[in-house]
Amino acid sequence: MIFKTIKRDELANLYAKLAQHLIVGPVRKGLDKNNKAMYDFDRVDKFADLCLDYDTTKHSAKKYFLPFTETLCTFKIFKDSWHKKVDYNINEPIVMFGLHPCDINAFNKLDKVLLEGVYPTPYYAAKRKNIFIIGVDCQPQPWCFCRSMDTDTVLHGFDLFLTDLGDRYFIEINTATAYEILQQLDIQDPAPQDHQLFLQKTNEKADKFIASVDTTDLTKILDMEFQSPVWQEWGDRCLSCGTCANVCPTCYCYGVEEEVDLDLKNARKNKHSYSCNLIDFAEVAGGHNFRPESHTRLKYRYYHKHRGFVEAFEESLCVGCGRCGQACLADINVPEVIASVRQEKI
Amino acid sequence: MEQKLKFVNILKEKNLQRPAHGLKAFEYSYPAEITNIYPMTENERLYQIKIRDEEERNSFSFKPGQFVMFEVPGIGEAPFSISSSSVRKGVFDLCIRHIGNLTNFLSQVKLGMRVGISGPFGSSFPIEDMVGQNILLIAGGLGIVPLRAPILSVLENRSRYRKVDIIYGAKKPRELLYTYEYEMWKKFDISLNIIVDQADETWQGDTGLITKPLAARIAGAGPAFSTNSYAIVCGPPVMYKFVCKLLIEAGVPARKIFVSLERRMHCGRGKCCRCNIGSTYTCLDGPVFDYWSVMNLKEAI
Ligand SMILES: Cc1cc2nc3c(=O)[nH]c(=O)nc-3n(C[C@H](O)[C@H](O)[C@H](O)COP(=O)(O)OP(=O)(O)OC[C@H]3O[C@@H](n4cnc5c(N)ncnc54)[C@H](O)[C@@H]3O)c2cc1C
Ligand code: SF4
Ligand code: FES
């Protein structure tokens, strides 16, 4: 990896260099009930709108990679035949400016299924390969447990990564494209004290975590506690609304529906994000539902993320961003659910 | 000066293209045609599907137990087990129950209708491993549909196997499928045992649950039964528990019992998660599982 530093003021020039592309980043969306700023990923029109010191965003950045609804193909229907046209729905590179390590790690996890699985998904691949990612370091919030999930730092899956050192940023350069762009800017080689400062920052961050999840033997424990009464308790609280999947950076499940125009000349196949907590997720034609009770669906979500995915890829499908717990209307959050399954006092 | 990022055409990226399943194949469906429709019961018809392009037809082969995704533009796409001999290339039968959006639409279509096919997907019954052994094919209701491919496979090589039993249960006599083939199956030295839940005036056969003929078959078997038998089971969720229990009690090893499981599917390619059992993809690792895997899957049956 190549390291550089860049003065705080010069960052605007990096933005300007990329400004002919759509730039997406954390922007202020308003105030929450405690008068605290709320952020979300959205299109950024000028550098000043980009809030690189944001705490978290309400939603993850996944909608740019996995749109909530997407047309997978369109059909032209003729008298006795039809023609199918496939579009991966991205024609221009996009820049994502200011992703935290958890969100970049989320894409690295999605890559495992969507890029490296048996049937790689072109819709995701096309976007993943055409989104230029600039990461930025973060400050742990009370709900963050990424350190437990080993996702508080990120090693790959981005183009360049910025760490705030005060009057300058430390840059980790991961791709040739990023290097070439930076070459045109006023950047410096890091001095020994920059390395020291960088490590000091990392250590300080590590000490700031409040929430945590004990993942020791978790796959086994989830298997053992499949019948645990705590699932029923969480299930009774769960509203089966699917909000958690909506905000989660790693939830990727979906449903497909076809629709046809009234004149029967054009049709399309649409994909829409789904949630395994919604009641008909596993219902089949004829009415049989493989997970009719709320707790079986809630349990399945944990099972997939913290057991099945670990079994397949040696890592969990949760980056510990805590968004689901923050968004949940019934106040269900990952650290508490897992602690209760582990029979820890909470 | 601004920097223009290069647009990457993923279809041209070498490192993204896996030989078996290129990215382009993901949403590709073979243009196909319904070449025959055969009514089987009030609610099920057999559809013969032919892939139109000769080259594509010749390269389409499947293993017994696999399924295809079947698509009608603007109406829907759904998984169906291939219910015909795996010897024929690019032409196959689907036996479809009319029960929802797409399938009810199908109940009204005519010959020659153009459809889209992708696949074949999923795991299959390891018929080759069963050579020299007894085979019990146990089906309940629509479960006979995915068993027709392995049945035909066995017929095509009948001498390779020992005793072959088909034990088939349906609710009512008029719900029985493939009735026109029973005589042929029997001619190939297959013992066919059919049982219905509710008999009608015409019914001459046995009545009761499928476990009845199965228990009788097991009771009449010699001591070698547990070491030289394979079982293939497919039916509604409740059936598996009882049937597999009998087989396990009779000493059939869990690795020699195969079941085909049904789950909701929206992609068939391990992406939508709708088919997950625990966190195993039924469309990739299944629909055919051995019973050992089933025992290790939470909430499988
Ligand atoms: C591996 C496999 C093999 C199958 N083989 C056969 C077969 O040979 N013959 C047959 O009649 N049926 C079979 N089914 C069931 C068949 O897929 C459903 O009947 C069909 O999906 C119903 O679609 P619909 O649009 O008519 O119903 P709707 O209720 O309108 O369903 C809408 C969508 O939900 C999904 N869905 C609903 N029910 C099911 C289901 N049971 N399984 C999977 N997806 C579902 C599909 O994506 C479907 O397009 C099989 C299912 C699986 C999983
Ligand atoms: S499950 Fe919750 S904490 Fe984990 S990645 Fe998803 S939203 Fe974040
Ligand atoms: S059917 Fe979509 S993941 Fe199996």
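This is a short tour of a predicted model, stop by stop, for you to follow in your viewer.

**Stop 1: ligand 1**

Start by selecting ligand 1, which sits between chains A and B. Now show the residues around it: there are 23 of them, and the closest are A:Ala285, B:Pro79, B:Arg97, B:Thr103 and B:Glu262.

Next, zoom in on the polar contacts. Pick B:Glu262 and look at its side chain: an N or O atom there is 2.3 Å from a nitrogen atom of ligand 1. Then go to B:Cys95, where a polar backbone atom is 2.7 Å from a nitrogen atom of the ligand. For an oxygen atom of ligand 1, select B:Arg264, which places a polar side-chain atom 3.4 Å away. How much of ligand 1 does the protein bury? Taken alone, the ligand exposes 820 Å², and the protein buries 89% of that.

Switch to a cartoon view of chain B. Three of its elements give two or more residues to the shell around ligand 1: strand S4 (76–81), strand S5 (91–97) and helix H2 (101–106). Which of them gives the most? That's S4(B), with five residues.

Before you leave, colour chain B by domain. Domain 1 covers 23–121 and domain 2 covers 127–296; both give residues to the shell, so ligand 1 lies between them.

**Stop 2: a sheet in chain B**

Stay in chain B and select the strands S10-S9-S8-S7-S11-S12-S15, in that order. These seven strands form an open sheet with mixed pairing. Now find the edges: strand S10 (206–207) and strand S15 (288–290) each have a single partner strand, so one side of each is left without a neighbour in the sheet.

What holds paired strands together? Strands of a sheet pair through backbone hydrogen bonds, either parallel or antiparallel. For a parallel example, look at strand S9 (residues 190–196) of chain B, which pairs with S10(B) over two bridges. Click on B:Ile195 and you'll find B:Asp206 of S10(B) opposite.

**Stop 3: strand S1 of chain A**

Jump to chain A and select strand S1 (residues 2–7), which runs antiparallel to strand S9 (residues 168–173) of chain A, with six bridges joining the two. One pair to click on is A:Ile2 with its bridge partner A:Ile173. S1(A) also pairs with strand S10 (residues 187–188) of chain A, again in the antiparallel sense, over two bridges. Here A:Thr5 has A:Gln188 as its bridge partner.

**Stop 4: two residues in chain A**

Select A:Phe161 in strand S8 (residues 160–164) of chain A. Is this residue buried or exposed? Its relative accessibility is 6%, and the cut-off for buried is under 20%, so A:Phe161 counts as buried.

Then try A:Cys244, found in helix H8 (residues 243–247) of chain A. At 18% relative accessibility, A:Cys244 counts as buried too. A:His59 is 185 residues away along the chain, yet the two C-alpha atoms are 9.9 Å apart.

**Stop 5: ligand 2**

Finish by selecting ligand 2. Among the residues around it are A:Cys248, A:Cys318, A:Cys321 and A:Cys324, along with A:Phe145, A:Arg301 and A:Lys305. By class, its shell has seven nonpolar, three polar and two charged residues.

Conventions. Residues numbered from 1 in each chain as written. Chains lettered and ligands numbered in written order. Predicted model: local features only at pLDDT ≥ 70, side-chain atom pairs only at ≥ 80, totals over all residues. Heavy atoms only, no water. Near = heavy atom within 4 Å. Polar contact = N/O pair within 3.5 Å; in protein donor to acceptor, adjacent residues only side chain to side chain. Areas by Shrake-Rupley, 256 points an atom, 1.4 Å probe, with all protein chains shown as cover. Helix = DSSP H or I, 4+ residues; strand = E, 2+ residues; numbered from the N terminus. Domains from an automatic or database assignment. Pairing = 2+ DSSP bridges. Buried < 20%, exposed > 50% of the residue type's maximum accessible area, 1.4 Å probe, protein only. Nonpolar A, V, L, I, M, F, W, Y, C, P; charged D, E, K, R; others polar.
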